[in-house]
Each structure stands twice: as C-alpha cells, then as structure tokens.
Amino acid sequence: MTTQTTERRTHRFPALGLEQGGMQISRSLKRLIYWELGIPLALLSIGIYHGLMQVIYRAGVLQQPAFAKLDYYQGLTLHGVINAIVLTTFFAVAFGHATITFYLKREINKTLGWISFWLMTVGTAMAAWAMLAGKASVLYTFYPPLKGHPLFYLGTALLIVGSWIPLYDWARLYRQWKRENPTTKTPLAVLGTLVNFIIWFVCTLAVAYEVLVLILPWALGWTPTINVTLARTLFWFFGHALVYFWLLPAYVMYYNFLPKLAGGKLFSDTAGRIALFGFLLFSVPVGVHHQFADPSITKGVKLFQGILTFGVAIPSFITAFTIAASLEYAGRKRGAKSLLGFFAKLPYLDPKRFLFAYLICGLFIFIFGGLTGIVNSSSVLNNTIHNTAWLPGHFHMTVAGPVFLAIIGMSLYMYSKTAGKKIFMPRVTVIIPYLWTIGILIFSTGLSWGGLIGEPRRTNLGMTYLNPKHALYTPEWVPTTMLGLLGGIIMFIAATLFLVVFFGTMAKKRTEEAVLELPVSESIHDEKRIPLLDSFKPWLVTMAVILVVAYVPAFIDATRNPGPGAPRFTPDNPMPVQEVPAPTSNVIKGDKTTSYNKTR
Amino acid sequence: MIIDKFEKKVILITGAVLSLFIFSMLYGRSKYNDLPECLPFDKAYTEPKITKLDDKTYQVYVVASMWQFQPSQIYIPVGSEVDFFVSSKDVVHGFNIHEKNVNLMAVYGNINKQTVKFDEPGVYKITCHEYCGVGHQNMQAEVIVNDPAAK
C-alpha cells in the first residue's frame, strides 16, 4: 500500500473548506489515517480481553497462573502496552495529521507520513510477537533487571522513533503557514498538536536512551549489569509526560470541538493557549513523583518535583473552568435559565453529535481522576497508596476515562467523515460512553477502596490472596475485587460494542461525500493575538531551564548513590541469566562490586 | 487580554487551593511518615538481620528476593521503633506494611530506609506490591507486635 503510485498529484484545496463542511484530502492521506486508526483498534480487542481477564483473576474467579495459554502477567503486559502505548501513540499521530492538515489547510508530506507509519507498525509487530510468545512478560514499565526479549525493546523504540517523524513535518508546515500569516493567531488545535508532540519528543529522548543505551546492550548480554535506579529515573522522565501526551489530544477536542458540539462557543481561546504552554513547562519535570518510594534519590529532589506536580494542575484547573463556562454558554443558548440548569440542556443523547457524549463522559470521569491524582502527587499521602490498587483506580479514570473515550469517539468520527460512511448502529454508539462511565466508576471505586486497605496492583490475586484455600487468603479484598469485576465486565461490554460499531462502520458502503471535517468552535470574546502566546521560543527556553533544574540533581543521585549494577533476570527464575563477572578496575568503586550474587 | 470577573475569582480560588495543598503536604511530613531516607549503597545492609538496639529500638535489614522477604517474620514488643533497611537480591520488589503507611521499593544495588513506630499490638502484613516474576503473588511477610512468643 505504499503511496506515491496511487496518489493523485493534484491536491485539491477548496478555498473555503470550513463553510463547505469539510476539506478534500488525497487518497494517500485518507488511507494513512484509516490504517493508523484501524490497526490499534484491532489490537485493542486483545487489550480489552486481557482487561476483562485481569478482573476475573483478581476477584478469585480464576485461581490459576494462566488461562487459554496466556499467563496473567503476559496478559497484563499486553493490556498495558497495547492500550496505553500503541493505541495512544497511533491515535495521536493520526489525529495530529488530521488537525494540522485541516487547520493549516495544507497536506502533510505523504512519504514521511508512511515512513512513520511503517516504523510504528513494524515496531508494534516486533513487540507484539515478543509479548504473545511469552518472552517479554515485563509489563509496560519494563523495569530492569527483569529482562524481556530484545525485540520487545527494539520494537518499542521503533514505535517511538516512528512517532517522532511527523513532528518534523508538521513544524515545517507550521513555519510555512506562519510566514504566510504572520499576524494571525495560530489555530488553537495546531498549537495543541505541536505542544503535545514537543512534549513527546523531549520525554521520549529519555526512554530512547534508556532502551537503546542502557537496556538493549544489557539484554543482549553485551554489558553485564545495569544501574536500575538510573533506568527507573529515565523511564519516569518519560512516564509522566506520557500521560500528558495521552491527554492533550483530548484537551484539543475539549477546547476546539466540544463547545461547537454543545451548540455554543469557546469561553476563552487565550485560556486554552495559557493551558497548553503550561503543559509544555510542567509535563516533564515532575516524573520523580512516581519514585517517591524509591531509594537513592534525595528527599529534596522528590519534594521539589512533587511541588512542580501541583503546577501541572494549573492548566487542568484552567481547562475545567473554561470548558464548564463554555458548556454553560451553550446550555443558556439552548434555553436554560437557573444557575445550573444548563447541565440539563446539553445534547447528551443526540446520535448526530455522538462525539459530544464521548467527550462529556470523559470530562466527568476526569473529575475523579484528577482528585485521586492530587493524592498520588502528595508525598505523604503517597505512602498509603503507592503501588496499591489505588493507582490503577486512579489512572483508569484518566487514561481509560477522558483519554480513551476521546480516542475511540474521535476515531469513529474521523473515520466516518473521511470515508463518507454513516455510523453503524448510531443509537448504540451514543449509549456506549455512558455505559463505559458506569463501568469505570464501579471498577475504580473497587480498586481505590482496595488500595486504601493494602490490595496490591499488578498481582494475580486469585492464586493466593483471593483464594479461600490458600494461607495468604485476605477476605477484606473480596468486596473490592468484586466491584472491580462488576465494573470490568461493564467496561468490557461497552468496549466490545464500540469495536462492533467501528468495524461495522468500516464494513459499510460510502454514502456521503468523503471529506476531512472537524467541528470548529468560535470564541465568545474576540480576543486579540498576544505575541507571547503565539510563539514557541520563550516557552521552549523556559521548559529547558526548569527541566535542567529539576532533573540534573535527580540524575546525579541516580548515578552516585546506587552500588553495583544488576545482572539480567527472567520472570521465572530467581537466578540471574548469567553471573556477574568478576569486577575489573573500571567498575564503580571496585571494592563494592565484588560478586554480590555469588554470596548466595 | 480579557479576563472575565468570574475568571478572576476562579484564579484566586485556584491559587488558594493549590497553596493549601502544598502547605498540607509539607506540614504532613512532620506528622506522618515522610519520604524514605536516601542512603548511599553499603553492602552491610544486604544480609537479612534483626538487631535490637535497646528495649524499644530495632533495626531490621530486609532483603527481598524472588519470591520472599528475609526475615519473613519480625517479632517486636509494643511501642517499638523500627528502622527498616530494604534492599533486593534480584529484580525490583515492593515493601508495603499495611496500616502503617510504609511504602518502599526494594531495588538491587540500592538501600531504602524508613522508620516506623508500632504502638498497637497485632500482625502487620508486608506485601510485595511490585511485579517481580511468576511467584509475585506469594510474596508476603509479617511484623508481629507483642506476640508472647517474642519474650
């Protein structure tokens, strides 16, 4: 399906794309978008199957290590990697192609687009093979010294490198547009997409370094040991910014599409710009708050990044206010009178605006996701809930709340518009997000409650803690895991229905004009262009300064305080793959590295 | 830049709420378990050991490995203050003492430390809460406070 041969050389750009409802785009770009939406959604079937299996094991319904030849931890790895890395990355790239093309009214470079697609797809296939073959049950955080198959790491790296390429192309188109329109405000959605991929590029540099320089040579046996704390610090440099990379496409939709879908206007466009640049500054230099419980990192570094984490709450507060005000405006326009009456007047169940339902449900879930997140970032409270079931309770209300609903809703929207097809089962489509919301609230209540009473995350509870015949049986966790099971089943049904709708829509015939069309919200106030909020340079410089201040001490800690590096371990064996060779003079502090393992 | 009057109010409220959060976090450090102590690596901590310093003060060197904690049962009298030094022999493990807000990662080549006081008698479970391989779900230890067997 490579492209240049089939692509038509003449690109048609109607001068007034918006007024005509949509924009004509080349077949090659359409196909690129279809594949980038379709591949991760097809894989999602594996992801949600393992989501369902986990709640079944955890509730003690299954009391065994594996089901249908797939191990619990293998399934957990597949669930995390597919849902949180593959789906989100592919979607962000496809959505970025659509927003840049639509708002700048110029098409991306198709060759680069397809190179990026193939890198991501080949990378995903490599990692998927390693996981499905059971050779990389190391979870999506792949903390060393647990070692997966080298292709798992290489595949992940290719997926990430593939997702960098579009930024280069979009930045080129943006600069071109800027030269032609020096005094026009950059469209908010374009700003959002660029900010998002700048964050992504910066944070993935760390994980690329972790994977390519630290882990891969070690996994292949070329270097005998690895500094685990350094690897974890590099991972979380990436890991927290990752959640904003998931979230920002949803934010772009909240600011640019939701007001229009609600029948109103955006309360403040400037607020959106401030929020986006806020994310640029604060998304990355906060990762150490995932390492509050780690050794070898000083309290000062942890506290400083903990406080910066509250800084990243500011853009979310701004968004909450601005979007609520926009919805109020829409509700009043639709005839609402009393103080909160506007809530009753919004188009919750309108199949023609199904995307509204996906976005509003996500926002509702995000209230709880945000509140639980504030608990996690408070160092003292974190002592209670760190790595317990509370954590998946929290992040399912973010990544599986606003992020997931925005991704699936928008995937369906983009596909049906660019393919010119009507939605399959429109009434079911608009019900799905509500079903999902009910499911996730029950599920996360169970996990959060369980976390508060010590239920661990990432654990096959059914074999021991939830097995009445086992010595470790813990009856307090029965109600919590049962809630998880109930919520999980509802979520599984909702997600399955979505896959039926999406692939059902794909199977339909084209009945409408196939155009790229996104909802465009106007602003209530006609706000002037503020040059500071329409320029990347000052923000990028500030971002770099904060990053250096926040992270240089963390990397110094992670390099200086740990002792010997760790050899390789596989998940099934307490003995290392290979004993650490005798220390040589250039190993860290020669005297301390002596055969830590051989003393066993 | 147009700032609506409601927007102004909300900005003030947001500032106040954030300050409250940050204040609470810093204040809480003195009242509850703080972040773990940061110690440079020392091989001495990597052998499991319980040391009684005096009647009410203990030091426990916990070594996590696939798939057990050593020592797996820690007997102490009521009112004891215990320094836990936690390390790992292999992969990353978790160390969560229920009801005591002790939450540490056990990492190869690193020493983690937290001090905690046990004022109530009882059995406090220690659960490994980081995935550490196929036997992860078996990895639990306990602190037994004021068990008659301890005397």
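Visitor: What makes helix 2 of chain A count as enclosed by the rest of the structure?

Guide: This is a predicted model, and in it 32 of the 33 residues of helix 2 of chain A are buried, so the helix is largely enclosed by the rest of the structure. To be called buried, a residue needs 20 or more other C-beta atoms within 10 Å of its own.

Visitor: How do you know whether the span of helix 2 of chain A agrees with its number of residues?

Guide: Set the two values side by side. Helix 2 covers residues 72-104 of chain A, and at 1.5 Å a residue those 33 residues should span 48 Å. The end C-alpha atoms are 46 Å apart, which agrees.

Visitor: Where is the kink in helix 2 of chain A centred, and what comes just after the helix?

Guide: The kink is centred on Ile82(A) and amounts to about 35°. Just past the end of helix 2, Lys105(A) has a positive phi of about 55°.

Visitor: Helix 11 of chain A next: what makes it enclosed, and where does it bend?

Guide: Of its 24 residues, 18 are buried, so helix 11 of chain A is also largely enclosed by the rest of the structure. It bends by about 30° at Phe366(A).

Visitor: Why is Ile432(A) called buried?

Guide: Ile432(A) has 26 C-beta neighbours inside 10 Å, and the cut-off is 20 or more, so Ile432(A) counts as buried. This residue is in helix 15 of chain A, and it touches Ala494(A), Leu497(A) and Phe498(A), leaving aside residues up to four places away in sequence.

Visitor: And Leu340(A), is that one buried or exposed?

Guide: Exposed. Leu340(A) has 9 other C-beta atoms within 10 Å, and 12 or fewer is what the label asks for. Leu340(A) lies in the loop between helix 10 and helix 11 of chain A. From Leu340(A) to Glu328(A) is twelve residues in sequence and 8.0 Å in space, C-alpha to C-alpha.

Visitor: Which element gives the largest share of the side of chain A that touches chain B?

Guide: Start with the whole contact: 60 residues come from chain A and 49 residues from chain B. On the chain A side, helix 6, helix 9, helix 10 and helix 12 each give two or more residues. Helix 9 of chain A supplies the largest share, five residues. Sorted by class, that side has 32 nonpolar, 20 polar and eight charged residues.

Visitor: What do the buried residues of helix 9 of chain A pack against?

Guide: Those residues, including Val301(A), Leu308(A) and Phe310(A), pack against helix 8, helix 10, helix 11, helix 12 and helix 17 of chain A, plus helix 1 of chain B.

Visitor: Over in chain B, what makes strand 5 and strand 8 edge strands?

Guide: Five strands of chain B form an open sheet in the order 5-11-10-7-8, with mixed pairing. Strand 5 and strand 8 each have a single partner strand, so one side of each is left without a neighbour in the sheet. The twist averages 20° from one strand to the next.

Visitor: What makes strand 10 and strand 11 of chain B a pair?

Guide: Pairing takes at least two bridges, and strand 10 and strand 11 of chain B have six, in the antiparallel sense. Within that pair, Gly122(B) stands opposite Val145(B) of strand 11.

Key. Residues are numbered from 1 along each chain as its sequence is written. Chains are lettered from A and ligands numbered from 1 in the order in which they are written. This is a predicted model: local features need pLDDT of at least 70, side-chain atom pairs count only at pLDDT 80 or more; totals for chains, interfaces and linings use all residues. Two residues are in contact if their C-beta atoms, placed from the backbone, lie within 7 Å. Helices (H or I, at least four residues) and strands (E, at least two) are DSSP runs, numbered from the N terminus. Ala, Val, Leu, Ile, Met, Phe, Trp, Tyr, Cys and Pro count as nonpolar, Asp, Glu, Lys and Arg as charged, and the others, Gly among them, as polar. Axes are lines fitted to C-alpha atoms, for helices over the stretch in contact, and angles run from 0 to 180 degrees between N-to-C directions. The bend at a residue is the angle between axes fitted to the seven residues ending there and the seven starting there. The expected span of a helix is 1.5 Å times one less than its number of residues.
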